[in-house]
Amino acid sequence: MPIVQINDPQQSAPTSCGVIIFRVDLQTGNVDGTFALALYEGELAREIGTKISGPTGDFAGAYSVTTLRPDGTTFAVGDMIARPLGQEGVYLVRWVLRPVELALEELGYVPGTQLIYEAIGMKLNGGAAVAVAWDNNVFARRWPQGTAPQ
């Protein structure tokens, strides 16, 4: 794999990467995340998750999530599942997001389209926080039945 150097600070940022830091409420298991996407050009966004199953004092489990844009408007709602990977505080994370109508229009998708992301994360601060990174170019799109492009 060739190594690519980015020497020019004026060069536009790559648009595919993202990272989120979730703060885990060890009492309820709920999460509150702050995230950055290169395409947001340095502005931070937020994701809020309510734990619906799994151990309370750990990030592992299933969540109902709301993803917000940097301006605070909702981009998507959906589900997130975090599964432990090994014994070192690493997690596989999967989102199934349903973008709101405005987001679907902006993306050029039909109503009912879902976006499915997979990522990897790791515990920080003894489990009080979790960092998760993903590539926005690596996702699956689930089209509503009968609407997939031919």
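Arg142 is placed in strand E9 (residues 139–142), where strands (E, at least two residues) and helices (H or I, at least four) are DSSP runs numbered from the N terminus. The structure is a predicted model, in which local features need pLDDT of at least 70 and side-chain atom pairs count only at pLDDT 80 or more, while totals for chains, interfaces and linings use all residues. Residues are numbered from 1 along each chain as its sequence is written, and side-chain values use heavy atoms, with hydrogens and water left out.

Arg142 has a relative accessibility of 41% and counts as partly exposed; buried means under 20% relative accessible area, exposed over 50%, and partly exposed in between (1.4 Å probe, protein chains only). Not counting residues up to four places away in sequence, Arg142 touches Arg94, Val96, Gly112, Thr113, Gln114 and Ile116, a contact being heavy atoms within 4.5 Å. Gln114 is 28 residues from Arg142 along the chain, yet their C-alpha atoms are separated by 5.0 Å. The two side chains also make a polar contact at 2.7 Å (a pair of N or O atoms within 3.5 Å; within protein, one must be able to donate a hydrogen and the other to accept it, and residues adjacent in sequence count only if both atoms are side-chain atoms).

The chain contains 1 helix and 9 strands, in the sequence order β-β-β-β-β-β-α-β-β-β. Of its 150 residues, 37% are buried. Among contacts with a separation of 6 or more, 42% are between residues 24 or more positions apart.

The search of the whole structure finds 6 salt bridges, each defined as a side-chain nitrogen of Lys or Arg within 4 Å of a carboxyl oxygen of Asp or Glu. One of them joins the side chains of Asp58 and Lys123 (3.5 Å, N to O). Asp58 lies in the loop between E3 and E4 and Lys123 in strand E7 (residues 114–124), so this pair ties together parts that are 65 residues apart in sequence. Asp58 is buried at 17% relative accessibility, whereas Lys123 is partly exposed at 35%. In the salt bridge of Arg69 with Glu106, the closest N and O atoms are 2.8 Å apart. Here the loop between E4 and E5, which holds Arg69, is tied to helix H1 (residues 101–107), which holds Glu106, across 37 residues in sequence. Arg69 is buried, at 18% relative accessibility. A salt bridge is also formed by the side chains of Asp79 and Arg98 (3.5 Å, N to O). Asp79 lies in strand E5 and Arg98 in strand E6 (residues 90–99), 19 residues apart in sequence. Arg23, Asp32 and Arg46 are linked in a network of salt bridges.

Aromatic rings were paired if the centres of Phe, Tyr or Trp rings (for Trp, the six-membered ring) lie within 6.5 Å; planes under 30 degrees apart count as stacked, over 60 as edge-to-face and the rest as tilted. By this rule there are 7 aromatic pairs. In one of these, the rings of Phe22 and Phe59 have centres 5.6 Å apart and planes at 35°, so the pair is tilted. Phe22 is in strand E1 (residues 17–24) and Phe59 in the loop between strand E3 (44–53) and strand E4 (61–68), 37 residues apart. Both Phe22 and Phe59 are buried. The rings of Phe59 and Tyr63 are also tilted, with centres 5.8 Å apart and planes at 35°. Ring pairs link Phe22, Phe59, Tyr63 and Tyr91 into a cluster.
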